[in-house]
Amino acid sequence: MLIDKNLNTPLYIQLYENIRNLIEEDNFKEGEKLPSIRSLADKLDVNNITVVNAYKLLEQEGYVYSIKGSGTYVRKTGYNMDISYMEDGDIELMIGGVLPISKNSINFASVSPTPEIFPIEEFKQALIEVLNRDKGSAFVYPEINGYEPFRESITSFLHENYNMTVDKEQIQVISGGQQGIDIITKTLISQGDCIFVENPTYSGAIAAFQSRGAKIMGVPMLEDGLDLDTFYKYIKRYRPKFLYMMTNYQSPTTYSYSEEKKKKLIELSKKYNFYIIEDDFLTDLNYDNSKKTPLKSMDDLDQVIYIKSFSKIFMPGVRIGFMTVPQKLFKDIIRAKHTTDISSSGFLQRAFDLYLRKGYWKKHIETIKKVYTEKYNTMVEELDRLKKYDINFIKPNGGLSIWVKLPKEIDSIELYNECVENNVALVPGKIFFIDDSIYSNYIRLSFGAVSNEEIVQGIKIVENYLRKKYNDDNNEYLPFV
């Protein structure tokens, strides 16, 4: 390793880049111990703090992990998923929760809303009123756990919408749901801890858990929630640190938990001493009369850490959300939040607080539910036509996506590539699965970022591929209808 003290680049950055390159070029084995801080500092004739900062940066980027009192060890990053048809860069981004698409694509990949339904006027009024009212104070740092009046508004929001009773002192404001996951990851996970997740699940959460060296165990999803038979077997054998789940309109399956399974999970979390991380961003979007409530609403044992992001159903660029935190974890959560970004935007918290207090949120939800209900019905109607090609899907009556099961003769990756060539973006289901132990040949089609006309046009392109595939196979697999 070469360190040039005459360069303008800080020494710890040079050292970080050197070690990172060696890891990426396979000069280190998985689990190999790096030199101690003192020995490497002596060898390179640098200060100990230079090595400390380099190792910290490597750990933040997921290249190494540290064990207190033992040392720093190499971790090989990435997923062992054999998806040979796709561009390496695309699949790597998709696994991390990012899908590269062209500007002109029909976007069935994104669950974010389109700008025309953003509540611009109402939020602008809230922003202006905050500036007039608070002036320069709007831009000072708020408390690390969040602007107090906003936390009060959140407790009222939870009680009014979900019959959930949470004290404002248990609220931690965050800059979006992903930050909540990252903070929990930093707080709860140590190298080798076992984490349970739904299988399939949100790939961005898996990436966060793996970055801390967690062992991930996937529990199959059924139409009414986790497969409890598998869950029982795993829980006795592995004793998880926590379960990560999405109760309503789960991503990517769009399934929702039954009341019976929700109660059972609460009981099991107490009995086997694990937390439940409930990630919620779609509970509010139901398109029928069956109003959903989060798991946290029935948590009288303080076992559920509830993450709520407003981004997907408000405005994605306004990175605002919150999490509820058990009292015994709060100090550690505060510490992790502070080291992440000190605190979330005080100005946006003040504005969103006003937005909630004035009742704008309820009006916005009513508006977007009308828009999304129409899109949902269009998507379902178009997909119903494709059932003659032996595709299947459950109608979720809520959320922002449809989870489509393909017959084994139609490969989701081939379909993805064909759609990309025709300017249609969708997400192959395989990237959401922990392993290949269960059937994974699905696609996720989201309708949040498309118009009704684009839904019709995009599904026709999917149909063209299915028809061509069956014709190429001489109709060998065409189902009898």
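1. Charges. Lys and Arg count as positive here, and Asp and Glu as negative. On that count, the protein carries 60 positive and 67 negative side chains. The centres of these two sets lie 5 Å apart. Please keep in mind throughout that this is a predicted model.

2. Overall build. The protein has 15 helices and 16 strands. Its C-alpha trace spans about 75 × 60 × 50 Å along the principal axes. Does the radius of gyration point to a compact globule, or away from one? For 481 residues, a compact globule would have a value near 23 Å; the protein has 24 Å, so the two agree.

3. Inside and surface. How much of the protein is buried? Buried residues make up 53% of the 481. The exposed surface comes to about 22500 Å². Carbon and sulfur atoms supply 47% of that area.

4. Contacts along the chain. Take the contacts between residues at least 6 apart in sequence. Of these, 72% join residues at least 24 apart.

5. Serine 105 and asparagine 423. Serine 105 sits in the loop between α4 (88-95) and β3 (106-107). Its relative accessibility is 13%, so serine 105 counts as buried, the limit being under 20%. Serine 105 and asparagine 423 are 318 residues apart in sequence, yet their C-alpha atoms are 4.4 Å apart in space. Which residues does serine 105 contact, once neighbours within four places in sequence are set aside? They are Asn423, Val424 and Ala425.

6. Tyrosine 65. This residue belongs to strand β1, which covers residues 64-67. Tyrosine 65 is buried, because its relative accessibility is 13%. Residues up to four places away in sequence aside, tyrosine 65 touches Gly31, Glu59, Gly71, Thr72, Tyr73, Val74, Arg75 and Gln191. Serine 211 is 146 residues away along the chain, and the C-alpha atoms of tyrosine 65 and serine 211 are separated by 8.4 Å.

7. Isoleucine 154. Look for it in helix α6, residues 148-162. Is isoleucine 154 buried or exposed? Its relative accessible area is 0%, so isoleucine 154 is buried. Leaving out neighbours within four places in sequence, isoleucine 154 contacts Ile171, Val173 and Phe322. Phenylalanine 352 lies 198 residues from isoleucine 154 in sequence, and the C-alpha to C-alpha distance between them is 10.0 Å.

8. Threonine 230. Helix α9 (residues 228-238) holds threonine 230. With a relative accessible area of 16%, threonine 230 is buried. Which contacts does threonine 230 make, apart from neighbours within four places in sequence? The partners are Val219 and Pro220.

9. Cysteines. A disulfide is a covalent bond between the sulfur atoms of two cysteines. How many turn up in a search of the whole structure? The search finds zero. Cysteine 194 counts as buried, because its relative accessibility is 8%. Cysteine 419 is buried too, with a relative accessible area of 1%.

10. Cis peptide bonds. Most peptide bonds are trans. Two bonds deserve a look against that background. The bond from asparagine 199 to proline 200 is cis, with omega near 15°. Proline 200 lies in the loop between β5 (194-199) and α8 (203-211). The bond from serine 251 to proline 252 is also cis, again with omega near 15°. Proline 252 lies in the loop between β8 (242-245) and α10 (259-271).

11. Positive phi angles. Most residues other than glycine have a negative phi. Tyrosine 249 has a positive phi, near 55°. Tyrosine 249 is in the loop between β8 and α10, where proline 252 is also found. At 2% relative accessibility, tyrosine 249 counts as buried. Asparagine 397 has a positive phi as well, near 60°. Its loop runs between β12 (392-393) and β13 (401-405).

How values were computed. Residues numbered from 1 in each chain as written. Predicted model: local features only at pLDDT ≥ 70, side-chain atom pairs only at ≥ 80, totals over all residues. Heavy atoms only, no water. Helix = DSSP H or I, 4+ residues; strand = E, 2+ residues; numbered from the N terminus. Rg over C-alpha atoms; globule rule 2.2 N^0.38 Å. Buried < 20%, exposed > 50% of the residue type's maximum accessible area, 1.4 Å probe, protein only. Contact = heavy atoms within 4.5 Å. Areas by Shrake-Rupley, 256 points an atom, 1.4 Å probe, with all protein chains shown as cover. Charge placed at Lys NZ, Arg CZ, Asp CG, Glu CD. Disulfide = S-S within 2.5 Å.
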